[in-house]
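Please have the display open while I talk.

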Amino acid sequence: MATSRKVTLLSSDGESFEVEQSVAVESITIKDSIEEGSAGNPIPVPKVNSKILAKVIEYCKKHVESAKAEDRVDDEDLVAWDADFVKVDQATLFDLIRAANFLNIKSLLDLTCQTVADMIKGKTPEEKRKTFTIRNDFTPEEEEEVRRENQWAFE
Amino acid sequence: MSSLRSDPSSSRVHPAPLLVDHFDRLPDPLLLLIFNRIADVKALGRCGVVSRRFRQLVPQVDAVLVRVDCVISDDESASPAALSDKARNPFASFFQAFLGNIVKPLQALGLFPGAKRAQSGPSSSSSSSSSLAVGSERDGEMDQGGVTHHSPTQVLKNFNEIRFLRIELPSGELGIDGGILLKWRADFGSTLDNCVILGASSVVRSGPVKNLVGSENGTDAGCANDDNGSIPESFYTNGGLKLRVVWTISSLIAASARHYLLQPIIAEHKTLDSLVLTDADGQGVLCMNREQLEELRVKPLSASSASKRTLVPALNMRLWYAPHLELPDGVVLKGATLVAIRPSEQSGLKDMADGSWISTAFEEPYGTAARMLVKRRTYCLEMNSF
């Protein structure tokens, strides 16, 4: 293998993760800061705690490895792996969205957003509120108005 | 649908600090990213009633899929009385007689409520959320009296920033006999830009045993006869040519009717980058990109006099035929025909040899079929505007 340079990422709660550079640069944010030379070593990753950072690294590692594999059959395996990867509690899922957004990892952002979208899709509004604990902040008049506006969606 | 009012938690603050609304931690742009992936327009409508924030964000979604439940077709073509009306335009009556059973051009699109027909009572909840599939009771006779329907135009009024719009009809308009393959793809600006039609009189899914004839030719593999790509004489006498003409005209009528219907949507949504009108059968795809959409806004379409569809301009057509076409995956198309159509006006401007739009018109395996067919002998035809 060619030079496998490693970088160290520092989570917001002070934990260090050593990863190959090829994995770290899945994050455009990190890639940019390395290229600009502005990244220290270890590279601080504010806003992302160790638990989430570990998951993000796991995701990037898997995807970098799969891209290297010549065998395209792995695509289906990767899809299945992704599906398992997002079977986490809501808090983690939303943290992953924020982390993917901050670190600018498009494929992870797409995957996590699609997961939440799929969770929202099939539900009635009450179910949505319940699943995601969203507060219904409409006044009764507003609620009736908005219900009327969107009547077409309920028929 | 369970009643909205009975939700007890709606007026109480959640006491437990553990119950957190995770969406609160996402800024609006991220929430929009999620909404953009929901796509289905009814699901988005239901999001709009969840909370103020959702209500405010849903109109900003930029990618939407509208699944139409029901189409209202011009059923007059089936009744003999109507034929005499249309006889004013002899050309139109020719079509009615020729094509009456085959194509029911769309007159309107509606999202019909699932189980509701003539009643106005509440529809059952279990069918309503899946009404998009269930509610496809296509009844051309239905008049708009007792039933409420919502046109895609109305539904889309709730969205202000759509860039990617995909509309899916419940089925293709062309009522063809079983066994026949017929697919079309048409690109429109103000008028037809191009159209590709692929048809076959039958499709045989053969086993893995492949014809050895011609296999050494690589991509030419699959033409069982050692022909030079020419159309056999029998084609002209056994109805083969007539059938292909019917396919071509039907597809063009269906495409131009779809185009006509899209006008109000296109006029209203100036943010559109891409519009695709397809159907659940995968029979026909109408596409418009940003330039084409803009062209239609600037230069209104010409309507055909007899019916609610866009006028089809004078056309140059190229046709390829193979009596027996074997695709790499073992599928055999019998009587395979490919027709590539462009307005006569345009063909002078661009070299007709640029065939990329033909080979990319269809998804696999039909893309391969198209690429195989264009290698054969080309027949050129012209058609008047209609």
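Let me start with the largest cavity, to whose lining α3(A) gives the most, namely four residues. Before going further, this is a predicted model, in which local features need pLDDT of at least 70 and side-chain atom pairs count only at pLDDT 80 or more, while totals for chains, interfaces and linings use all residues. Residues are numbered from 1 along each chain as its sequence is written, chains are lettered from A in the order in which they are written, and side-chain values use heavy atoms, with hydrogens and water left out.

A cavity here is a set of points, on a 1 Å grid over the protein atoms alone, where a 1.4 Å probe fits but cannot get out, and lining residues have an atom within 4 Å of a point. By this rule there is one cavity of 30 Å³ or more, and the largest cavity holds about 70 Å³, a volume being the space filled by probe spheres set on the points, which are joined across faces, edges and corners. Its lining includes A:Val23, A:Ser27, A:Cys60 and A:Leu103, and the elements giving two or more residues to that lining are α1 (21-24) and α3 (50-68) of chain A; helices are DSSP runs of H or I with at least four residues, and strands are runs of E with at least two, numbered from the N terminus. The lining divides into eleven nonpolar residues, one polar and no charged, where Ala, Val, Leu, Ile, Met, Phe, Trp, Tyr, Cys and Pro count as nonpolar, Asp, Glu, Lys and Arg as charged, and the others, Gly among them, as polar.

Now to the interface. The contact (heavy atoms within 4.5 Å) takes 42 residues from chain A and 43 residues from chain B. The buried area, meaning the accessible area (1.4 Å probe) that two parts lose on being put together, summed over both, is about 4,300 Å², with 61% from carbon and sulfur atoms. Five salt bridges are counted between the chains, each being a side-chain nitrogen of Lys or Arg within 4 Å of a carboxyl oxygen of Asp or Glu; one of them joins A:Glu149 and B:Arg55 at 3.2 Å, N to O.

Finally, the backbone. The peptide bond from B:Glu364 to B:Pro365 is cis, with omega near 0 degrees, and B:Pro365 sits in the loop between α14 (356-359) and α15 (366-373) of chain B.

Conventions
1 Å grid on protein atoms, 1.4 Å probe; cavity = no way out; pocket = protein on both sides within 12 Å on 5 of 7 lines; lining within 4 Å.
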